[in-house]
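Welcome, and thanks for stopping by. Here is a short briefing to read alongside the sequence and the 3D view.

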Amino acid sequence: MEQETVGDLELSVGYVLKQVHASLRTAMDEALRPLDLTVPQYACLELLGQNPGLSNSELARRAFVTRQSMNLVLRRLQERGLLTRPDQAPHGRALPTELTQDGQTILRKASVAARAVEKQLFSPLSREQQLRLREDLAACVAPSPTS
């Protein structure tokens, strides 16, 4: 039995996804630079804005970075006064993290910039096409019913 190869990259869904990801990342970097934020820092702020009190491990998992990388992100944001973390865990080992007032202000600006990037990137698609694309991609990462 012959094994199938990737073939023509221009016909590969994975390759096109990577191209879209690269375009999104580049545009996000440019949009966030005036706010002195990186994409992982923005992701951290957005996650904490929507889920105050997340731990380093939870933030790392949801932002798609290692715990070590998230620790550096958190330290930098804390140095800038954009978030607070207790010196000691209230219970267990997790240090719950929350945005400061300055963090909320920067987050609002960054979220507007990120949304503008997304709108621009996906502007060739209608609203319905964007919703369908989101649903189709989400179906690819959803756990299968048999697992």
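A salt bridge here is a side-chain nitrogen of Lys or Arg within 4 Å of a carboxyl oxygen of Asp or Glu. This is a predicted model, in which local features need pLDDT of at least 70 and side-chain atom pairs count only at pLDDT 80 or more, while totals for chains, interfaces and linings use all residues. Residues are numbered from 1 along each chain as its sequence is written, and side-chain values use heavy atoms, leaving out hydrogens and water.

Helices (H or I, at least four residues) and strands (E, at least two) are DSSP runs, numbered from the N terminus. Buried means under 20% relative accessible area, exposed means over 50%, and partly exposed is in between (1.4 Å probe, protein chains only).

**Salt bridges**

- Arg-115 and Glu-118 both sit in helix H5 (residues 101–121), three residues apart, or about one turn of the helix.
- Both partners are partly exposed: Arg-115 has a relative accessible area of 39%, and Glu-118 comes to 38%.
- Within helix H1, Arg-25 and Asp-29 are four residues apart, about one turn of the helix, and their side chains meet in a salt bridge (3.4 Å, N to O).
- Arg-25 is partly exposed at 36%, and Asp-29 is partly exposed at 27%.
- Asp-36 and Arg-76 also join their side chains in a salt bridge (3.1 Å, N to O).
- Because Asp-36 belongs to the loop between H1 and H2 and Arg-76 to helix H4, this pair ties together parts that are 40 residues apart in sequence.
- Arg-76 is partly exposed, with a relative accessible area of 33%.

**A buried charge**

- Glu-46 lies in helix H2 (residues 39–50).
- Glu-46 is buried yet has no salt bridge, and the nearest side chain of opposite charge, Arg-115, is 10 Å away; Lys and Arg count as positive and Asp and Glu as negative, with His and the chain ends not counted.
- Leaving aside residues up to four places away in sequence, Glu-46 touches Leu-107 and Ser-111, where contact means heavy atoms within 4.5 Å.

**Positive phi angles**

- Most residues other than glycine have a negative phi.
- Asp-36 has a positive phi near 55 degrees, although Asp-36 is not glycine, and this residue is partly exposed at 44% relative accessibility.
- Phe-64 likewise has a positive phi, of about 65 degrees.
- Phe-64 is in the loop between helix H3 (56–63) and helix H4 (67–79), and at 76% relative accessibility Phe-64 counts as exposed.

**Cysteines**

- How many disulfides does a search of the whole structure find? The search finds zero, taking a disulfide as a pair of cysteine sulfur atoms within 2.5 Å.
- Cys-44 is buried, with a relative accessible area of 0%, whereas Cys-140 is exposed at 65%.
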